[in-house]
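Here are some notes to read alongside the model, written as numbered points. Please keep the sequence and the 3D view open while going through them.

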Amino acid sequence: MPADGDLGEAAAVLRTGGLVAFPTETVYGLGANALDARAATRIFEAKQRPTFDPLITHLADVADLEPLVGPVSPAVAALAARFWPGPMTLIVDRPEEIPPIVTSGLDSMAVRVPDHEHARRLIAAAGVPVAAPSANRFGQLSPTRAEHVVRGLGAAVDVVLDGGPTRCGIESTIVDARGEHPVVLRLGALPVEELEKIAGPVTVRPGSSGQPVAPGTLAAHYAPRTPLRLVSGAESAGAGGAGRGYLAFRDRPAGDWAAVEVLSAAGDLTEAAARLFDALHRLDAARVTEIVAEPVPDTGVGRAVNDRLRRAAATWDPAAHQ
């Protein structure tokens, strides 16, 4: 369904326990009624997601936060006032109304207000908070177009709202500001430098290989089906070869590569982030035997791009590609 049309049907599907994939400014989300434990369980089933990995709850408006979770700390309130709607997720205490399945049994909850008109319209029309991780199979590439959702999840989703390509192209930045000093639990579309203008110095916590404390923080994640190898600036990627693909930041590589994707010929990190998953989807579809990826400058949103590339490459096995 077009995301800019009448959202009444999709909202009704959410209210009655169904799954709706919808665009946000970051990636497409797979939404369910966050107050309905059975509906939230359907998300885990559709994504084949382990129930130990918590979900993000989406709200239609900043004003909806405290009626759901109660009073929040001054730091949380300040960040919400400045960056919502926007690509920032905040960690708050889980209210009783939210079933434990949504937070994977944690006493905390991840919550945000998306900066996408149709997403907020959908949530408002549904009249319930919406739990929504990325609309893809667990651990695989996040979807930035409706066709990525259809190709990845198919009939597991009741409704897919097509809002075209997403603007940011990578997931939200997750921040825990409940303590004395804010902690970034996942790098994302909101650069750390912007957070620090409001919150002061923040700590960036690396991903986990065990029980996640926030969504999307596992060490191996966001991966194409094709093995991906991340090369450093000093490391040679080789000269291409039959069956190999290459993900470049701004310059096409030398050599005979089977498929090449350039994230930003202008060297623009915002454009590179917006194109990252779409480019990886195309390389994956090209049926290459290996994807070689180079990092981008590790500043601003580039830090989040490199974070996704490292997680995507975490399962690469050198022995299988000798």
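1. In which loop is proline 85 found? Proline 85 lies in the loop between helix 4 (74-83) and strand 4 (88-93), where helices (H or I, at least four residues) and strands (E, at least two) are DSSP runs numbered from the N terminus. The peptide bond that joins tryptophan 84 and proline 85 is cis, with omega about -5°. Most residues other than glycine have a negative phi, and most peptide bonds are trans.

2. A word on the source of the values. This is a predicted model, in which local features need pLDDT of at least 70 and side-chain atom pairs count only at pLDDT 80 or more, while totals for chains, interfaces and linings use all residues. Residues are numbered from 1 along each chain as its sequence is written, and side-chain values use heavy atoms, with hydrogens and water left out.

3. Glutamine 48, in the loop between helix 2 (37-47) and strand 3 (56-58), has a phi near 55°, which is a positive value in a residue other than glycine. Serine 104, in the loop between strand 4 and strand 5 (108-112), has a positive phi of about 55° although it is not a glycine. Is each of them buried or exposed? Glutamine 48 is exposed, with a relative accessible area of 57%, whereas serine 104 is buried, with a relative accessible area of 16%; buried means under 20% relative accessible area, exposed over 50%, and partly exposed in between (1.4 Å probe, protein chains only).

4. Glutamate 66 belongs to helix 3 (residues 65-69), and with a relative accessible area of 39% it is partly exposed. When its neighbours within four places in sequence are left aside, glutamate 66 is in contact with Pro71 and Val72, contact meaning heavy atoms within 4.5 Å. The side chain of glutamate 66 also reaches the backbone nitrogen of valine 72 at 3.3 Å. Glutamate 66 and alanine 77 are eleven residues apart in sequence, and their C-alpha atoms are 9.3 Å apart in space.

5. Proline 74 is part of helix 4 and is exposed, with a relative accessible area of 71%. Its C-alpha atom is separated by 35 Å from that of leucine 7, which is 67 residues away along the chain.

6. Next come the helix pairs. Two packed helices are described by the angle between their axes and the distance between the axes. Helix 1 (residues 8-15) and helix 5 (residues 117-126) pack at an angle of about 55°, with their axes 8 Å apart; the axes are lines fitted to C-alpha atoms, for helices over the stretch in contact, and angles run from 0 to 180 degrees between N-to-C directions. That angle makes helix 1 oblique to helix 5, because angles under 35 degrees count as roughly parallel, over 145 as roughly antiparallel, 65 to 115 as roughly perpendicular and the rest as oblique. The contact is made by Ala10, Ala11, Leu14 and Arg15 of helix 1 and by Leu122, Ala125 and Ala126 of helix 5. These residues divide into six nonpolar, no polar and one charged, where Ala, Val, Leu, Ile, Met, Phe, Trp, Tyr, Cys and Pro count as nonpolar, Asp, Glu, Lys and Arg as charged, and the others, Gly among them, as polar.

7. The axes of helix 4 and helix 7 (residues 192-199) come within 10 Å and cross at roughly 125°, so these two helices are oblique to each other. Leu79, Arg82 and Phe83 in helix 4 meet Glu194, Leu195, Ile198 and Ala199 in helix 7, and the residues of this contact divide into five nonpolar, no polar and two charged.

8. How do helix 8 and helix 9 pack, and at what angle? Helix 8 (269-285) and helix 9 (residues 302-312) pack at about 30°, with their axes 9 Å apart, and they are therefore roughly parallel to each other. Leu269, Ala273, Leu276 and Phe277 in helix 8 meet Gly302, Val305, Arg308 and Leu309 in helix 9, a contact whose residues divide into six nonpolar, one polar and one charged.

9. Serine 264 sits in the loop between strand 13 (256-262) and helix 8, and at 1% relative accessibility it counts as buried. Apart from neighbours within four places in sequence, serine 264 is in contact with Phe249, Arg250, Glu271 and Ala272.

Technical notes: A polar contact is a pair of N or O atoms within 3.5 Å; within protein, one must be able to donate a hydrogen and the other to accept it, and residues adjacent in sequence count only if both atoms are side-chain atoms.
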